[in-house]
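This report turns to the surroundings of a ligand and to the domains beside it.

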Amino acid sequence: MADSTNGPAAFISLQEAADRLGVHYMTAYRYVRTGRLPARRAGAQWQVDPSDLSAVTSSAGTPGRLRAGRRSPPRRESSRRLLDRLVAGDEAGAWAVVEAALSGGATPEEVVVEIVGSALALVGEGWEAGELSVDDEHRAAGVVMRLIGRLGPLFGRRGPKKGTVILGTPSGERHGLPTALATNVLRGRGYEVVDLGADLPVDAFVAAVAKAENPLAAAIGVTAGNHDRTVRAIVRALRDQAPAVAVLVGGAGVADEGHASRLGAGWSGTDATALAAAVDALQRERR
Ligand code: B12
């Protein structure tokens with residue numbers, strides 16, 4: 001969507017910006033949220049000046065970069081159709097969108113990260129633009145929770161597990177869907193996963209890591225707000241009481257690798273595919 005109504009620059013939609021950068025829509029959205037990519041609002045849409053894209057491209061370690069084949073227009077269309085069904089509270093209709101994407105060739109991981117993840121980002125944009133209410137947001141989240149459960153069996157893997165990953169969010173962080181989405185993806189990659197969900201006290205995180213069989217990594221997800229203090233407390237407690245277990249932090253609330261390092265942990269990126277890649281790297285190091 002180009003906009004020539006406001007000056008000579010032809011502003012482009014955030015999706016177009018994501019396509020030009022070679023990243024997923026949600027990654028581009030995070031660049032905007034974290035100030036890395038300047039953007040302006042036009043109603044519910046974000047618009048980007050294409051001349052700002054080069055600064056993002058040239059910055060080192062662009063996170064969340066996806067393979068070119070994973071940004072196809074049908075996926076975007078699926079996210080929009082899913083958004084519509086989520087807000088309507090229509091679980092059967094939402095599942096039909098998921099099934100259509102799977103039969104169109106999307107992998108279960110692509111469905112979770114790209115289609116469901118993007119539909120949730122659209123819910124957030126709608127809420128922020130005042131077009132969706134808090135009850136719409138809750139209704140959509142409830143349907144997604146049930147979709148994640150229905151998708152679970154598609155991520156089953158036979159054979160020995162590659163290690164256990166313990167996931168949770170710090171106390172005060174109530175966004176629990178990312179841990180549920182990431183759980184499916186990691187299980188699909190052959191890991192045992194302990195999903196502790198949202199709003200977790202420090203001691204509970206440490207206790208769960210201590211109980212886990214063959215623990216490989218503890219990952220702390222942050223979606224919104226500043227939870228640096230509580231994240232640091234979990235990282236410190238884990239370093240102290242489970243020094244052999246790697247600690248990762250990630251999600252939209254952790255801006256980049258530098259931020260993760262200031263929190264005392266490794267960076268697990270901004271989506272579940274990046275988290276899985278970080279865990280795979282740890283697993284390779286351990287072998
Ligand atoms: C659903 C939702 C809610 C639900 C959460 C329900 C639930 N059970 O999770 C409810 C209604 C409770 C809620 C509450 C609030 N929300 Co809310 N919410 C959302 C929404 C729409 C979707 C969140 C989500 O699940 N996203 C989908 C996943 C896929 O997101 P993701 O970040 O990409 O997740 C990946 C990463 O975390 C990655 N990852 C990388 N490393 C690691 C490591 C680990 C351990 C994990 C788990 C994951 C992980 O893997 C995940 C999967 O790919 C977002 C919009 C958005 N853009 O996300 C707003 C959003 C996050 N919420 C927002 C806000 C402001 C709030 C509230 C303050 C107000 C409100 N809207 O009611 C409260 C705050 C509550 C709190 N104290 O935490 C803002 C945050 C703005 C900001 N940057 O700070 C957003 C962005 C909406 C917006 N556009 O403004 N919210």
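Which element gives the most to the shell around the ligand? It is α6, with nine residues, where helices (H or I, at least four residues) and strands (E, at least two) are DSSP runs numbered from the N terminus. The model is a predicted one, in which local features need pLDDT of at least 70 and side-chain atom pairs count only at pLDDT 80 or more, while totals for chains, interfaces and linings use all residues. Residues are numbered from 1 along each chain as its sequence is written.

The ligand is surrounded by 42 residues, the closest being Gly124, Leu177, Gly221, Gly250 and Gly251; a residue counts as near if its C-beta atom, placed from the backbone, lies within 6 Å of the molecule. Elements that give two or more residues to this shell include α2 (25–33), α8 (177–188) and β6 (215–221).

Three domains divide the protein, with bounds that come from an automatic or database domain assignment:

| Domain | Residues |
|---|---|
| domain 1 | 12–58 |
| domain 2 | 69–155 |
| domain 3 | 164–286 |

Because domain 2 and domain 3 both give residues to the shell around the ligand, the ligand lies between them. Their C-alpha centres are 24 Å apart, and their contact (C-beta atoms, placed from the backbone, within 7 Å) takes 14 residues from domain 2 and ten residues from domain 3. On the side of domain 2 that touches domain 3, α6 and α7 are the elements that give two or more residues, and α6 has the largest share, seven residues.

Technical notes. Two residues are in contact if their C-beta atoms, placed from the backbone, lie within 7 Å.
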